[in-house]
Amino acid sequence: MSTPSPHGRSRIAALAVVMAAASTLALAACGSDDDSGGTSVSAERPTAPDTASFFGSAASALASAEASARAKASELAASASAAASSFEAAVSAETARAAKAARTELAKVDGPGNARSEVTMTGKPRSETGGLLAVVVTITNKTEATASYAVQVDFLDSSGKVVETRYVGAEDLKPGEKVQPVAVSRKPADPVLTPKLAKAQRY
């Protein structure tokens, strides 16, 4: 085997240096890959948030929703109260004079009166009265002559005690004519009261 020339030996030495450097780089790359697959990956796992840095936005939103609900409830209550007042005012305007006349007439009557068979009562839905207890009193002149009527409606509690009395009336009804005044209780909705036809007088 022939001995390399000095020039050839230099080239071989340079080549060896290059290969050694390449091996070093390869090892470094592998180490980097191993690190990225181990330590660096675990370092990138999500950690629990620092709650000390949070502000009360969620609580504030809840408080805002609660305040909004309370405002809405208050608005609905005010609306119902206004509706009740409006309904009662309309009824009062239509029946005040007749009610006064009926009360005066019934003060002269002993017993249930002579016209109970000509009077019926029907409850009116609270959704139409603003939550008030109201009774439609149907008065029908079943005689053959013109007549006026006075009606007393008592509102009873659960024990049967009269806690409120209302009067309605009709004047100069012709034979067969019918009217439907409304008796409205001014008592609170609770406890629930029961309306009763106490007196009905034809005069």
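These legends accompany several close-up views of one predicted model.

The model is predicted, with local features requiring pLDDT of at least 70 and side-chain atom pairs counted only at pLDDT 80 or more, whereas totals for chains, interfaces and linings use all residues. Residues are numbered from 1 along each chain as its sequence is written, and side-chain values use heavy atoms, with hydrogens and water left out.

**View 1. Overview of the protein chain, with three helices and seven strands.** Helices (H or I, at least four residues) and strands (E, at least two) are DSSP runs, numbered from the N terminus. Along the sequence the elements follow the pattern α-α-α-β-β-β-β-β-β-β. Of the 203 residues, 25% count as buried, where buried means under 20% relative accessible area, exposed means over 50%, and partly exposed lies in between (1.4 Å probe, protein chains only). Among the contacts (heavy atoms within 4.5 Å) with a separation of 6 or more, 69% are accounted for by residues 24 or more positions apart. The accessible surface of the protein chain comes to about 13,500 Å², and 58% of that surface belongs to carbon and sulfur atoms; accessible areas come from the Shrake-Rupley method with a 1.4 Å probe, and for residues only the protein chains shown count as cover.

**View 2. Strand β2 and its pairing partners.** Strand β2 is mostly covered, with six of its seven residues buried. Two strands are said to pair if DSSP finds at least two bridges between them. Strand β1 (residues 119–124) runs antiparallel to β2 and is joined to it by six bridges, and Lys124 stands opposite Ala134 in β2. The pairing of β2 with β6 is also antiparallel and extends over three bridges, with Val182 in β6 as the bridge partner of Val136. Two bridges link β2 and β5, again in the antiparallel sense, and here Ile139 stands opposite Val179 in β5.

**View 3. The largest nonpolar core, with 18 residues.** A nonpolar core is a set of buried Ala, Val, Leu, Ile, Met, Phe, Trp, Tyr and Cys residues joined through side-chain atoms within 4.5 Å. The residues with the most contacts inside this largest core are Val119, Val137, Ile139 and Val151. Two or more residues each are given to this core by β2 (134–140), β3 (147–156), β4 (162–173) and β7 (194–202), and the largest share, five residues, comes from β3. Apart from this core lies another, of five residues, including Leu132, Ala134, Val136 and Val184. Not counting residues up to four places away in sequence, Val137 touches Val119, Thr120, Met121, Val151, Val153, Val168, Val179, Gln180, Pro181 and Ala183.

**View 4. Lys178 in strand β5.** Strand β5 comprises residues 178–179. With neighbours within four places in sequence left aside, Lys178 is in contact with Thr138, Ile139 and Thr140. Although Lys178 and Glu118 are 60 residues apart along the chain, their C-alpha atoms are separated by 9.6 Å.

**View 5. Backbone details at Asp172 and Pro191.** Asp172, placed in strand β4, has a positive phi of about 55 degrees although it is not a glycine. The side of the model at this position is described by accessibility: Asp172 is exposed, with a relative accessible area of 55%. The peptide bond from Asp190 to Pro191 is cis, with omega near 5 degrees, and Pro191 lies in the loop between β6 (182–184) and β7.
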